[in-house]
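Please open the structure in your viewer and keep the selection tool at hand. The tour below moves from one selection to the next and says what is there at each stop.

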Amino acid sequence: MAMGYEPIKAYADEKHLRMNIGNAEKFEDPDPDNDDDDDKEISHLALQISEPTIANKGEEGPLIPTSNSRHLPLNRQQLQQQPQQAQQRLASLDVFRGLTIVLMILVDDLGGLLPTINHSPWNGLTLADYVMPFFLFIVGVSLGLTYKRASCRVTATRKVVLRALKLLMLGLFLQGGFFHGVNNLTYGVDIQQMRLMGILQRIAVAYLVAAMCEIWLKGDDHVKSELTLLRKYQFQWVAALVLTIIYISLLYGLYVPNWEYQIPDATSSSAPKIFSVKCGVRGDTGPACNAVGMIDRKILGIQHLYRKPVFVRTMQCSINSPDYGPLPSDAPTWCQAPFDPEGLLSSAMAIVTCMVGLHYGHIIVHFKDHRNRIRLWLITSSTFLVLGLALDIFGMHVNKALYTFSYMCVTAGAAGFLFAGIYLLVDGRIFLTYIIFLIYLCCLFYMLFRFNEKSVFSFFVS
């Protein structure tokens with residue numbers, strides 16, 4: 001059905017009104033009990049009224065859709081049965097999410113066997129260190145698509161807060177230890193020792209802040225170019241810049257004094273062992289004297305931090321580094337100290353990663369051409385990647401445990417490149433069949449690996 005648009009006046013003129021009334025009088029039925037004839041006549045009248053008129057042609061006014069078709073639906077039921085244009089789902093984002101989940105399972109299962117793909121003991125970047133930033137990046141892209149047109153900001157804010165609270169409570173339940181330590185009934189129900197931060201808690205915080213920025217911190221500018229895109233979301237970039245400045249200022253500016261911690265002696269019922277860590281420095285990014293750990297110890301409490309941090313696999317703390325192992329004879333006192341990789345200060349940069357993904361979602365919303373999207377994504381990804389590598393060379397090391405600014409830049413750039421490639425293959429319809437077949441093979445091989453895990457391991461060992 002061809003559709004056109006014509007301006008109309010706020011009120012119909014008298015001539016047009018008299019014509020419609022006259023038409024109605026022509027179709028009056030002398031038999032008021034004949035319902036079928038009434039329906040036909042009302043439908044005929046609706047057809048005449050819906051036909052376009054040129055009573056106000058050439059005059060300015062609001063645009064409404066008009067039709068030049070003679071075969072319109074004639075009753076309300078048929079109007080409601082008209083097919084509506086369904087919104088297309090971004091398949092590449094789903095593929096990216098699925099590949100990230102596969103990567104998470106891979107590093108969880110093989111990380112113990114292949115330490116090179118497990119989390120880096122401290123500085124550096126491994127395959128496992130990409131999982132968390134990829135999830136945060138995906139959250140940001142999804143937010144850009146979900147809240148592109150929020151009809152009611154208050155309602156949207158209420159939903160966001162409720163969803164973040166649910167995710168936070170789920171994280172406390174899982175990361176708090178309720179499903180860990182099956183043989184220890186006291187573990188996980190002891191509120192005084194329960195871990196407060198975790199992966200889901202970090203995602204909840206990043207989701208909440210990024211969603212608030214998307215709902216409340218965007219302008220009304222019409223996006224026509226890259227410059228107007230930045231102008232429309234300038235306050236979101238300001239928020240990301242403020243978070244980055246706060247993080248860098250606290251990381252390198254806070255003074256970290258000496259501190260101590262205690263470990264219960266599992267072999268006896270005597271008093272716990274007390275270890276003292278000497279710091280007295282400012283701007284240190286090592287495992288013992290960084291500001292990230294100090295803030296968590298002061299605010300959360302050392303008893304609520306993660307008890308198996310990654311730095312136990314460093315050369316100072318493990319004779320089998322980069323794998324787990326016994327402590328060396330000259331191990332420093334901080335090797336057994338709790339440290340939370342999803343702490344409070346480091347979560348600030350996690351929020352920035354989510355907001356970077358938000359920018360990629362904005363490009364999808366405002367630019368419909370595939371080439372423009374790919375071009376803008378590659379420019380942004382290249383900028384972040386080069387900046388992160390340069391910062392690492394000049395001393396701001398890539399560090400997942402601290403979630404340094406350089407780590408955020410490198411992982412966000414890598415996520416952008418991977419997302420652009422997946423988009424080009426999936427939504428760009430390039431080799432889509434081969435991609436689906438490859439994903440099928442990966443799932444099949446993984447299932448076979450899980451079912452024959454012991455035999456596969458014995459094959460490689462022998």
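Begin by selecting Arg297 and Trp259, where the charged end of Arg297 sits over the ring of Trp259, 3.7 Å from its centre; a charge sits over a ring if NZ of Lys or CZ of Arg is within 6 Å of the ring centre and within 35 degrees of the ring normal. Then select Arg313, which lies over the face of Tyr324 at 5.5 Å from the ring centre.

Before going further, note that this is a predicted model, in which local features need pLDDT of at least 70, side-chain atom pairs count only at pLDDT 80 or more, and totals for chains, interfaces and linings use all residues. Residues are numbered from 1 along each chain as its sequence is written, and side-chain values use heavy atoms, with hydrogens and water left out.

Now show the whole protein chain as a cartoon, which has 15 helices and six strands; helices (H or I, at least four residues) and strands (E, at least two) are DSSP runs, numbered from the N terminus. Of the 462 residues in the protein chain, 38% are buried, where buried means under 20% relative accessible area, exposed over 50%, and partly exposed in between, with a 1.4 Å probe and protein chains only.

Next, select helix H4, residues 91-110, whose 20 residues should span 28 Å at 1.5 Å a residue, and whose end C-alpha atoms are 28 Å apart, which agrees; the expected span is 1.5 Å times one less than the number of residues. Colour the buried residues of H4, among them Ser92, Phe96, Leu103 and Leu110. Seen down the axis of H4, its buried residues fall within an arc of 155°, so they line one face of the helix, the arc being that of the directions from the helix axis to the C-beta atoms.

Follow the chain into the loop between H4 and H5 and select Trp122, which is buried, with a relative accessible area of 9%. Which backbone oxygen lies 2.9 Å from a polar atom of the side chain of Trp122? The backbone oxygen is that of Thr285, a residue 163 places from Trp122 along the chain, with the two C-alpha atoms separated by 9.8 Å.

Move on to H5, where 13 of the 16 residues are buried, so H5 is largely enclosed by the rest of the structure.

For the aromatic rings, of which the structure holds 16 pairs, rings of Phe, Tyr and Trp (its six-membered ring) pair if their centres lie within 6.5 Å, and planes under 30 degrees apart count as stacked, over 60 as edge-to-face and the rest as tilted. Select Phe137 and Phe419, whose ring centres are 6.1 Å apart with the planes at 65°, so the pair is edge-to-face. This pair links distant parts of the chain, with Phe137 in helix H5 and Phe419 in helix H13, 282 residues apart, and both Phe137 and Phe419 are buried.

Finish at Lys218, in the loop between helix H7 and helix H8. Is Lys218 buried or exposed? Lys218 is buried, with a relative accessible area of 16%. Polar atoms of its side chain lie 2.7 Å from the backbone oxygen of Tyr147 and 3.3 Å from the backbone oxygen of Lys148.

Key
Polar contact = N/O pair within 3.5 Å; in protein donor to acceptor, adjacent residues only side chain to side chain.
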